[in-house]
Amino acid sequence: MRSTKGRVSGLLAIALSGLLAAAPARAIVSAGSTPTALHNETDGDVAADRQAVTREIERFRSSSISISQAMAIAEARHAGATTADVSFDGESGVPVYRVKTLHNDRIWRYTINAATGEVMGGEAALPLTELDLEDRSNLAALGAIRHRLADAVRVAEKAASGKAISGGLVRDRGRLNFAIVVISGDDLKEVILEPPGVRGR
């Protein structure tokens, strides 16, 4: 769903043996520059970029709905749905979560009010056949593994000591991973988790 352009430098591997009994297998926490998920049209202007990220973080912190709650709200719309991608958007008039779920070979898109949890606007469904080959392959792997994005969010928040602001699937060097961006203090950290059973998919 997203590429891993501009990988964040200074990788710090964290051993999570106690956490990972029922969660994805490996976590790598990256700190430093802004994770790709939070870059916007100000890319290239470091001061403007940092101000935009700071505003986004402030709006996120003032929201009453967590990313886990937003995923649960979207998944509840269709029994058996699973979240493929979620992100906080504080730039619109009302802060929202944008959630994409996978259900019955379709991607469903939801906009969820970050203050009330209300689903805003209509549902939009896109058949998987309209996606490119890499996205279809990633989503097929997501449907076949036991772990969900919600599991990865819980592990990432614990690993990075913070609250997740976005998450989704990334493919890096042929491996499918969950990439979660976590706000920890005043820093953004990207946590990469490789779910068990996805190698070679």
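Let's start with strand S7, residues 163-172. Nine of its 10 residues are buried, meaning under 20% relative accessible area with a 1.4 Å probe, counting protein chains only. Strands here are DSSP runs of E, at least two residues; helices are runs of H or I, at least four; both are numbered from the N terminus.

A word on the source. This is a predicted model, where local features need pLDDT of at least 70, side-chain atom pairs count only at pLDDT 80 or more, and totals for chains, interfaces and linings use all residues. Residues are numbered from 1 along each chain as its sequence is written, and side-chain values use heavy atoms, with hydrogens and water left out.

Now, which strands pair with S7? Strand S8, residues 175-184, pairs with S7 in the antiparallel sense, over nine bridges. Pairing requires at least two bridges found by DSSP. In this pair, Leu 169 stands opposite Phe 178. S7 and S8 make a hairpin, with two residues between them. Arg 173 sits in that turn, and its phi is positive, about 50 degrees.

Strand S3, residues 82-89, is also antiparallel to S7, joined by three bridges. There, Asp 85 stands opposite Gly 168 of S7.

Next, the whole chain. How many helices and strands does the chain have? Four helices and nine strands. From the N terminus, the order is β-β-α-α-β-β-β-β-α-α-β-β-β.

The chain has 201 residues, and 47% of them count as buried. Take contacts, heavy atoms within 4.5 Å, between residues at least 6 apart in sequence: 55% join residues at least 24 apart.

How values were computed: Buried means under 20% relative accessible area, exposed over 50%, partly exposed in between (1.4 Å probe, protein chains only).
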